[in-house]
Amino acid sequence: TQKSLVFKKWLMKITICGSSKFRNEKMDMYNQLLVLWHDPIIDENTKNIVNGAMEEYLVPWVEDADIKKKYDFIRLYYNFIVESDAIIVCNYDKGDVKHYIGSNTFLEMGYAHVHHKKIFLLHGMPQQSYILDELKAMDPIIINWDLSLI
């Protein structure tokens with residue numbers, strides 16, 4: 001007898017971007033995208049920290065230059081984005097900044113833009129006037145938590 005194989009067909013490969021402060025929210029997004037048959041990408045350190053596998057990082061983790069070098073986050077996310085169809089930016093409120101986009105995330109959005117990848121913002125444009133024109137020029141798709149728009 002012939003066994004039939006069922007292969008899962010991904011809709012879209014999506015890199016999840018956002019501040020490391022939002023790591024729990026980014027893992028929630030990862031799981032939601034899986035349920036929707038997308039192929040989400042997030043770094044293993046974020047997964048491990050959220051799942052408690054890296055106990056030394058259970059305290060608030062500050063990504064200084066040494067940490068970024070040690071884990072090569074800039075190149076890592078560049079490569080994730082190149083292999084993706086799109087990125088989703090988890091831009092929650094941070095402090096007094098509504099819909100915050102940090103410097104690494106802004107850089108990642110730039111990578112996506114120059115590689116002609118779709119850019120989805122989970123929330124609206126941030127209240128950060130110094131990057132607003134550049135963000136608008138990247139023409140992100142604001143989904144306001146409606147994942148069906150992906």
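In this predicted model, the buried residues of helix H5 are covered by a set of elements that includes strands S1 (13–17), S3 (86–89) and S4 (118–121), along with helices H3 (65–71), H4 and H6 (129–137). The buried residues in question are Asn 104, Thr 105, Glu 108, Met 109, Gly 110, Tyr 111 and Ala 112. As for the geometry of H5, its 12 residues should span 16 Å at 1.5 Å a residue, and the end C-alpha atoms sit 17 Å apart, which agrees. Just past the end of H5, His 116 takes a positive phi of about 60°.

Stepping back to the whole chain, the secondary structure comes to six helices and five strands. Along the sequence they follow the pattern β-α-β-α-α-α-β-α-β-α-β. Of the 150 residues in the chain, 45% are buried. Taking contacts between residues at least 6 apart in sequence, 67% join residues at least 24 apart.

Back to H5 and one of its partners, H4. Two packed helices are described by the angle between their axes and the distance between the axes. For H4 and H5, the angle is about 35° and the axes are 9 Å apart, and the crossing is right-handed. On the H4 side, the residues involved are Ile 74, Tyr 77, Tyr 78 and Ile 81, and these meet Leu 107, Glu 108, Tyr 111 and Ala 112 of H5. Sorted by class, that contact has seven nonpolar residues, one charged residue and no polar ones.

The structure holds three aromatic pairs. In one of them, the rings of Tyr 78 and Tyr 111 have their centres 4.9 Å apart and their planes at 90°, so this pair counts as edge-to-face. Tyr 78 belongs to H4 (residues 73–83) and Tyr 111 to H5 (residues 103–114), so the pair ties together parts that are 33 residues apart in sequence. The two partners fall into separate accessibility classes: Tyr 78, with a relative accessible area of 30%, is partly exposed, whereas Tyr 111, at 17%, is buried because the cut-off for that class is under 20%.

Glu 83 is also in H4. At 45% relative accessibility, Glu 83 counts as partly exposed. Leaving out residues up to four places away in sequence, Glu 83 touches Lys 13 and Ile 41.

Strand S3 contains Ile 87, which is buried with a relative accessible area of 0%. Its C-alpha atom is separated by 7.1 Å from that of Ala 112, a residue 25 places away along the chain.

The loop between S3 and H5 holds Tyr 92. Tyr 92 is buried, with a relative accessible area of 16%. The C-alpha atoms of Tyr 92 and Gly 124 are separated by 9.3 Å, and the two residues are 32 apart along the chain. Setting aside neighbours within four places in sequence, Tyr 92 is in contact with Phe 22, Glu 25, Val 97, His 99, Tyr 100, Leu 122, His 123 and Trp 145.

One of those contacts, His 99, is found in the loop between S3 and H5, and His 99 is buried, with a relative accessible area of 14%. Its backbone is worth a note. Most residues other than glycine have a negative phi. His 99, though not a glycine, has a positive phi of about 60°. Trp 37 is another non-glycine residue with a positive phi, near 70°. Trp 37 sits in the loop between helix H1 (23–35) and strand S2 (39–41), and at 43% relative accessibility it counts as partly exposed.

Methods:
Residues are numbered from 1 along each chain as its sequence is written. This is a predicted model: local features need pLDDT of at least 70, side-chain atom pairs count only at pLDDT 80 or more; totals for chains, interfaces and linings use all residues. Side-chain values use heavy atoms; hydrogens and water are left out. Rings of Phe, Tyr and Trp (its six-membered ring) pair if their centres lie within 6.5 Å; planes under 30 degrees apart count as stacked, over 60 as edge-to-face and the rest as tilted. Helices (H or I, at least four residues) and strands (E, at least two) are DSSP runs, numbered from the N terminus. Buried means under 20% relative accessible area, exposed over 50%, partly exposed in between (1.4 Å probe, protein chains only). The expected span of a helix is 1.5 Å times one less than its number of residues. Contact means heavy atoms within 4.5 Å. Axes are lines fitted to C-alpha atoms, for helices over the stretch in contact, and angles run from 0 to 180 degrees between N-to-C directions. A crossing is left-handed if the near helix is turned anticlockwise from the far one by less than a right angle, and right-handed if clockwise. Ala, Val, Leu, Ile, Met, Phe, Trp, Tyr, Cys and Pro count as nonpolar, Asp, Glu, Lys and Arg as charged, and the others, Gly among them, as polar.
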